[in-house]
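This report describes one protein chain, from its overall make-up to single residues. Please keep the sequence and the model at hand while reading.

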Amino acid sequence: MRGGTVQINWHDTKPVLSMDFHPLTGLLATGGADYDIKLWLVSSENTEEKVPTTSYQSSLSYHGSAVNALRFSPSGQQLASGADGGELLIWKLHTTDAGQTWKVLSSLSFHRKDVLDLQWSTDGVFLISGSVDNCCIIWDVNKGSVNQILDAHSHYVQGVAWDPLGKYVASLSSDRTCRIYVHKPQPKSKGIDKMNYVCHHIVTKVEQTTDDSKMQATKNHLFHDETLPSFFRRLAWSPDGSFLLVPAGSYRISSVTEPINTAYVFSRKDLSRPALQLPGANKPIVVVRFCPVRFSLRGSNSASFFNLPYRLIFAVATLNSLYIYDTESVPPIAIFAGLHYAAITDIAWSLDAKYLALSSQDGFCTLIEFEKDELGWPEPLSEEKEISCQENEQPVIQKSEDTDMVMEENKVMGDDKEGSPILKKPENMLKEENKVMASYRPIGEKTEDKMIEVSKKDVFLPANSEKAETEKREDKKASPRSGIPNKPAKRRITPMAIDPS
């Protein structure tokens, strides 16, 4: 693999707030605080460079405020983009003799404040959006109208996700709740079932007990409150719908310990409480996203907590670092630390899993390129392997039915701490023996942690030159993001990926 922070002028030095790869052409779309959407061609022509080549293609200019979220439809024929002030646009791809162009198809108007996240339904007919007005809205894109309003949250909705099997939608808010809605069609009207979702689960706290029988069980919040220094909590379903991955987790072992940052895995069989939690990180986890490709099992690890007949790969981003996991291994398969001066805002995978990209409020983006079969061997879809789509199957192995949440303190991995040494020359790094500690924890498991020690055999060091401090983002009225700290770090730490294989 190769990659690093691409030193180009992405959005006129303004924060890059969202990104997505086109499912057919592979173009990378980015949305920024300069009010524009830009399209980029990512290529691997120059193999001598340590980062993939990125070239500007065109701009989609229509928004009058910062573009916070954008996603291509599954067919690639449409693009949805949400911005400050409640702006939500649907763009349509037009093919002419001169080439392909994007034009605004419709403006979806109902949100009163900033749109922070959005997601298409699998068939591309509906769209769900989350906003600072505390609401989620399900849109009928073809009609350009509101289909349903989900207004139960009491604070900003910072992440939304649509179940690829169409049964559920999920939302994550700074009110410290994750809401799971289930599809229950209303009676037929004019022979057509109306799309309708009702709240199925509200996940906010979990009961914790201690070994001391005299102590009463207490309930602790599972998620960060509104002081989380990011305006995005982008959650995601696995491509097969077998489980939901939710960021912004914050778990306190006891009333006297500091909260631990984590992300939770919810099994499709039981969405009322987390089944697993990822290892703690120094910084809050703000974005998660799955690779769209399923891979064949390698059969190298029998300690996995996922009961799947194939491997799924997903990326987890904290405020300043990136972890790449798969469902067959316990530790992450790669770690990139100290990538950006300011908070990471979004993650995107190309459809063929060749590229992984992430955006940041410092105005730059990172691109990672994987060699052929480096992540594994893609597996074609087959009926025999669709077991996770059935409601009676358990895609996540639970080793305890107890309702306690147990997590050993200070199992911290990957993120940079203030004052950590600056990585210097690659040849010096290669001489050092570094190790990473990581583990999945099943919720409720009371046995000792099964720690896996990963030796860093190969160190990948993308070239990243020092760049000038980024400009502070201009204050904007009616935009709560203006209060988010965006101060650059004093020095850049060279990005490092750790390959445990």
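## Basis of the model

The model is predicted: local features need pLDDT of at least 70 and side-chain atom pairs count only at pLDDT 80 or more, while totals for chains, interfaces and linings use all residues. Residues are numbered from 1 along each chain as its sequence is written, and side-chain values use heavy atoms, with hydrogens and water left out.

## The chain as a whole

The chain has one helix and 37 strands. Helices (H or I, at least four residues) and strands (E, at least two) are DSSP runs, numbered from the N terminus.

Of the 501 residues in the chain, 57% are buried. Buried means under 20% relative accessible area, exposed means over 50%, and partly exposed lies in between, with a 1.4 Å probe and protein chains only. Contact means heavy atoms within 4.5 Å. Among contacts between residues at least 6 apart in sequence, 61% join residues at least 24 apart.

## Nonpolar cores

A nonpolar core is a set of buried Ala, Val, Leu, Ile, Met, Phe, Trp, Tyr and Cys residues joined through side-chain atoms within 4.5 Å. The largest one holds 46 residues, and L322, I324, W349 and L356 touch the most other members. Strand β23 (residues 243-251) supplies the largest share of this core, four residues. A second, separate core has 21 residues, including V288, F306, Y310 and L312.

Leaving aside neighbours within four places in sequence, the contacts of L356 are A315, L322, I324, I347, A348, W349, T366, L367, I368 and F370. In soluble globular proteins, nonpolar side chains tend to be buried together.

## Two open sheets

Two strands pair if DSSP finds at least two bridges between them. β1 pairs with strand β32 (residues 365-369) in the antiparallel sense over five bridges, and the bridge partner of V6 in β32 is C365.

Another open sheet has four strands in the order β14-β15-β16-β19, also with antiparallel pairing. Its edge strands, β14 (157-162) and β19 (197-203), each pair on one side only. The twist from one strand to the next averages 20°. Strand β16 (residues 178-183) runs antiparallel to β19 and is joined to β19 by six bridges; H183 stands opposite Y197 in β19.

## An enclosed strand

Strand β27 (residues 313-318) is largely enclosed by the rest of the structure, because six of its six residues are buried. Both faces are covered, with I313, A315 and A317 buried on one side and F314, V316 and T318 on the other. β27 pairs with β26 in the antiparallel sense over five bridges, where F290 has F314 as its bridge partner. β27 also pairs with strand β28 (residues 322-326), antiparallel and over five bridges. There V316 has Y323 as its bridge partner, and a hairpin of three residues joins the strands β27 and β28.

A317 lies in β27 and counts as buried because its relative accessibility is 0%. Not counting residues up to four places away in sequence, A317 touches P284, I285, V286, V287, L322, I344 and I347. The C-alpha atoms of A317 and I335, 18 residues apart along the chain, are separated by 9.9 Å.

## The largest pocket

Pockets and cavities are found on a 1 Å grid over the protein atoms alone: in a cavity a 1.4 Å probe fits but cannot get out, while a pocket is an open set of points with protein on both sides within 12 Å along at least five of seven lines, and lining residues have an atom within 4 Å of a point. Grid points are joined across faces, edges and corners, and a volume is the space filled by probe spheres set on the points.

The largest pocket holds about 1000 Å³ of space. Its lining has 39 residues, of which Q119, P239, R289, F290 and P292 lie nearest the centre. Elements that give two or more residues to this lining include β2 (16-21), β10 (115-120), β14 and β30 (344-349). β26 gives the most, with four residues.

## A buried loop residue

S174 lies in the loop between β15 (168-173) and β16. S174 counts as buried, at 2% relative accessibility. Not counting residues up to four places away in sequence, S174 touches H155, Y156, Q158, D225, E226 and R233.

Technical notes. Axes are lines fitted to C-alpha atoms, for helices over the stretch in contact, and angles run from 0 to 180 degrees between N-to-C directions.
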